[in-house]
Amino acid sequence: MAGFSGFGRSGGTDDDGRPEGRGDGRPEGRFDGRLDGWKAYASRYALLPLRVFLGITFIYAGLDKLTDAGFLADTGPESIGEVMRGVRDTSALPALVDLALKNPVGFGYAIALGELAVGIGTLFGLFARVAALGGALISLSLWLTVSWQVNPYYLGNDLAYLMSWLPLLLAGAPVLSLDALLADRRRIR
């Protein structure tokens, strides 16, 4: 029997007299296939918005640091050196801050270039798990140093970024990525 608008059958019987459907009492029809297809499609692309957001955000953060001469300085307002000195006594790892203070400008460049590399790798899906690991480590180090004193903890963004990297670290970039393209090329050979 035909349902209206093609959204399923009306629950009739098959040729053997058994109820039509899936076996769970619900009628089966074209709508069910579309719903299952949509769920599969959504699951396949579920991490793409996160990947795009983190990729663009880290590219922007890296470029912002590299183009801000005030940030890439040992002293001065908003400089990496002053930021590190300001958080040294409230960080969870003062030794890490002390290490950064040995060469604040070099540390600033390392963070900026790291963010840029992580952002590019994440956005384009190239070595996506390595990029996600890098992003997680950058976020972890910033959480344990710069935003450790934020109270309550959920107002600091570095912990949220750290948690955002974990799904990408686990799953990589299986769709719309250079990693997937390279994997397909390897399978063809």
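Q: What pattern does the protein chain follow, read along the sequence?
A: The protein chain reads α-α-α-α-α-α-α-α. That comes to eight helices and zero strands, where helices (H or I, at least four residues) and strands (E, at least two) are DSSP runs numbered from the N terminus. This is a predicted model, in which local features need pLDDT of at least 70, side-chain atom pairs count only at pLDDT 80 or more, and totals for chains, interfaces and linings use all residues. Residues are numbered from 1 along each chain as its sequence is written, and side-chain values use heavy atoms, with hydrogens and water left out.

Q: Why is Tyr41 called partly exposed?
A: Buried means under 20% relative accessible area and exposed means over 50%, with partly exposed in between (1.4 Å probe, protein chains only). Tyr41 has 47% relative accessibility, so Tyr41 counts as partly exposed.

Q: What makes Tyr45 partly exposed?
A: The relative accessible area of Tyr45 is 25%, so Tyr45 is partly exposed.

Q: What kind of aromatic pair do Tyr41 and Tyr45 form?
A: Rings of Phe, Tyr and Trp (its six-membered ring) pair if their centres lie within 6.5 Å; planes under 30 degrees apart count as stacked, over 60 as edge-to-face and the rest as tilted. Tyr41 and Tyr45 are 4.8 Å centre to centre with 45° between the planes, a tilted pair.

Q: Why is the pair of Phe58 and Trp165 called edge-to-face?
A: The ring centres of Phe58 and Trp165 are 5.1 Å apart and the planes stand at 90°, so the pair is edge-to-face. The pair links distant parts of the chain, with Phe58 in helix α2 and Trp165 in helix α7, 107 residues apart. Both Phe58 and Trp165 are buried. Together with Phe53 and Tyr161, they form one aromatic cluster.

Q: Which residues make up the largest nonpolar core?
A: A nonpolar core is a set of buried Ala, Val, Leu, Ile, Met, Phe, Trp, Tyr and Cys residues joined through side-chain atoms within 4.5 Å. The largest one has twelve residues: Leu54, Phe58, Val118, Ala132, Ala136, Ile138, Leu142, Leu159, Tyr161, Leu162, Trp165 and Leu168. Two or more residues each come from α2 (48–66), α6 (128–145) and α7 (157–171). The largest share, five residues, comes from α7.

Q: Where does the charged end of Lys65 sit?
A: A charge sits over a ring if NZ of Lys or CZ of Arg is within 6 Å of the ring centre and within 35 degrees of the ring normal. The charged end of Lys65 sits over the ring of Phe71, 5.8 Å from its centre.
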